[in-house]
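Please look through the structure shown below, and keep it in view while reading the paragraphs that follow.

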Amino acid sequence: MYLNGKEMSEDDLDRFTDLLVGVLIEQLYERVIEDGIESVYPDDEYNQQKLLRKMEEYYVDIEQYEKCAVLTKLRK
């Protein structure tokens with residue numbers, strides 16, 4: 001596969017995808033902390049809780065337990 005004219009192996013693509021997911025989760029985390037989970041999913045408690053759980057899983061995987069603790073406090 002080629003990305004921006006550069007050939008990428010399957011491993012390269014996996015690393016790139018993981019990097020993108022990480023950046024997106026970090027941005028979501030900042031938004032949730034600053035504006036609340038309702039800013040992401042207004043009036044949808046099911047998806048709010050689902051997003052918080054997925055974010056917690058990500059932070060457990062990368063061993064950032066402080067952020068997990070913050071997210072756990074936001075869950076109902």
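Which residues of helix 2 are buried? This is a predicted model, in which local features need pLDDT of at least 70 and side-chain atom pairs count only at pLDDT 80 or more, while totals for chains, interfaces and linings use all residues. Residues are numbered from 1 along each chain as its sequence is written, and side-chain values use heavy atoms, with hydrogens and water left out. The buried residues of helix 2 are Gln48, Gln49, Leu51, Leu52, Met55, Glu56, Tyr58 and Tyr59, where buried means under 20% relative accessible area, exposed over 50% and partly exposed in between, with a 1.4 Å probe and protein chains only. Helices here are DSSP runs (H or I, at least four residues), numbered from the N terminus.

Just after helix 2, Glu63 takes a positive phi of about 60 degrees.

The cover over the buried residues of helix 2 includes helix 1 (10–35) and helix 3 (65–74), contact meaning heavy atoms within 4.5 Å. Gln48, which lies in helix 2, counts as buried because its relative accessibility is 5%, and, leaving aside neighbours within four places in sequence, Gln48 is in contact with Ile37, Glu38, Tyr41, Pro42 and Asp43. Leu51, also found in helix 2, is buried with a relative accessible area of 13%, and, with neighbours within four places in sequence again left aside, Leu51 is in contact with Leu28, Ile37, Val40 and Tyr41.

The contact is made by Gln49, Leu52, Met55, Glu56, Tyr59 and Val60 of helix 2, together with Tyr65, Lys67, Cys68, Leu71, Thr72 and Leu74 of helix 3.

Within helix 3 lies Ala69, which is partly exposed, with a relative accessible area of 39%. Ala69 and Tyr59 are ten residues apart in sequence, and their C-alpha atoms are 9.8 Å apart in space.

Terms used:
Helix = DSSP H or I, 4+ residues; strand = E, 2+ residues; numbered from the N terminus.
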